[in-house]
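Here is a short tour for someone meeting this structure for the first time. Have a look at the sequence and the model, then read on.

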Amino acid sequence: MNLHRIHRVAKLTGLSKDVIRVWERRFGVLKPTRGANRYRNYSDEDVALLRYLKEQLDAGASIGDLARLGREELLNRLRAASPRASFIDNTFDRLLRELLSALDPFDRITFEKRLNGAVAVVPFEEALHGILLPLQEQVGRLWHDDRVNVAVEHYVTKHIQQKIFSAMNQLPVAEFGSKVVVACPPGEEHDIAALAVAYRCRVRGCRVYYLGANVPVTALTKLCHDVDPDLTIISFPLALSETKATEVIQALAQEVSPVSHLSVGGHGALAMRELFLKSDIEVLEDFAALDNKLERLTRRSTVQG
Ligand code: B12
């Protein structure tokens with residue numbers, strides 16, 4: 001069984017963290033445990049239950065009526081109603097385990113066959129969030145714990161990047177739609193999440209200018225002047241030191257904000273949330289918040305157009 005922190009549960013279910021907390025507090029249908037660091041850990045069962053509740057609400061049920069059934073009855077109904085959902089979760093978990101075990105000892109052929117096979121049959125966005133990003137995170141953890149050689153970690157990282165680029169290249173060139181610039185801040189080389197953000201924007205019909213890692217603020221500003229984007233998204237996977245954070249955020253607020261609406265996201269952005277908010281820069285909590293943002297942009301440009 002996997003344990004998930006709340007931000008991941010939000011990502012897996014499409015519910016906001018606030019909604020999850022309220023349902024937990026008010027209706028008692030979730031059973032998170034507390035890790036040594038006091039963070040709540042949610043089980044796969046909690047995730048499946050939340051997805052089921054969301055499906056039922058979307059179909060017109062009320063949360064009060066559902067909650068009155070109690071956790072056990074909801075789980076029974078979930079098992080009867082959605083064998084596919086638990087099949088997918090179990091399949092992804094099994095696949096991830098197989099992929100990771102093909103890295104030590106390193107067995108390239110098994111790794112590539114399993115990964116290519118899975119990515120070919122699963123809708124790409126599902127594969128991105130269910131297989132590729134979790135794989136990247138897990139390989140990172142193994143590398144950090146010295147259980148995977150850094151060369152193997154680089155191999156996996158390159159492989160994941162290639163898969164996302166190749167999926168993006170298969171989409172038709174976007175000629176219409178909101179213009180969105182996606183980049184990483186100066187000095188930031190971790191660009192897999194930015195790539196995932198770019199893919200998501202492309203799939204939702206945006207014209208994406210993907211700049212990737214380590215983009216100086218002056219160069220970004222110049223591009224924004226040239227392109228006149230509807231939105232610029234900066235991925236901050238890591239928090240910066242206080243001095244660096246103040247410097248980068250001030251530069252973004254003074255140079256980019258006057259030219260383009262600016263949003264940031266990622267673990268680093270969440271950790272530096274207060275600094276961003278002080279500079280009136282919007283922090284996107286998760287991929288669901290990104291989707292909402294894109295939807296609002298599209299609606300606005302349809303109304304204006
Ligand atoms: C791959 C990797 C690299 C690759 C990056 C390749 C690439 N093109 O991305 C390379 C080899 C370049 C690299 C370099 C370094 N790395 Co490195 N790296 C990693 C590793 C293994 C994986 C990172 C990753 O891609 N994670 C998966 C992605 C999907 O997760 P993510 O970026 O956090 O994004 C998630 C969220 O933040 C969010 N998100 C991010 N952006 C956005 C934006 C929006 C709008 C939204 C909605 C969401 C969102 O969505 C994602 C999914 O949840 C991690 C270890 C780990 N466990 O993560 C270390 C790690 C991040 N690296 C680390 C370090 C120290 C470095 C180096 C300094 C190493 C060195 N000594 O040279 C350099 C620094 C480079 C630099 N200046 O930035 C540390 C960072 C420690 C810290 N907290 O400061 C880590 C944690 C490893 C460790 N434990 O020591 N690294």
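Lys113 sits in helix 6, which covers residues 108–121; helices (H or I, at least four residues) and strands (E, at least two) are DSSP runs, numbered from the N terminus. A quick note on the model: residues are numbered from 1 along each chain as its sequence is written. The model is predicted, so local features need pLDDT of at least 70 and side-chain atom pairs count only at pLDDT 80 or more, while totals for chains, interfaces and linings use all residues, and side-chain values use heavy atoms, with hydrogens and water left out.

Is Lys113 buried or exposed? Lys113 is exposed, because its relative accessible area is 62%, and exposed means over 50%, buried under 20% and partly exposed in between (1.4 Å probe, protein chains only). Leu99 is 14 residues away from Lys113 along the chain, and their C-alpha atoms are 9.6 Å apart.

Asn41 is another residue to look at, and it belongs to strand 3 (residues 40–43). Asn41 counts as buried because its relative accessible area is 16%. Beyond the neighbours within four places in sequence, Asn41 touches Leu3, His4, Arg5, Pro32, Thr33, Arg34 and Gly35, where contact means heavy atoms within 4.5 Å.

Now for the bigger layout. These are the domains, with bounds from an automatic or database domain assignment:

| Domain | Residues |
|---|---|
| Domain 1 | residues 3–81 |
| Domain 2 | residues 86–169 |
| Domain 3 | residues 179–304 |

How do domain 2 and domain 3 meet? Their C-alpha centres lie 26 Å apart, and the contact draws 13 residues from domain 2 and 12 residues from domain 3. Between them, the two domains bury about 1,100 Å², with 72% of it on carbon and sulfur atoms; buried area is the accessible area (1.4 Å probe) that two parts lose on being put together, summed over both.

There are two salt bridges between domain 2 and domain 3, a salt bridge being a side-chain nitrogen of Lys or Arg within 4 Å of a carboxyl oxygen of Asp or Glu. Glu125 also forms a salt bridge with Arg200, and the closest N and O atoms of that pair are 3.5 Å apart.

On the side of domain 2 that touches domain 3, helix 7 (124–144) and helix 8 (150–169) are the elements that give two or more residues. Helix 8 gives the most, with seven residues.
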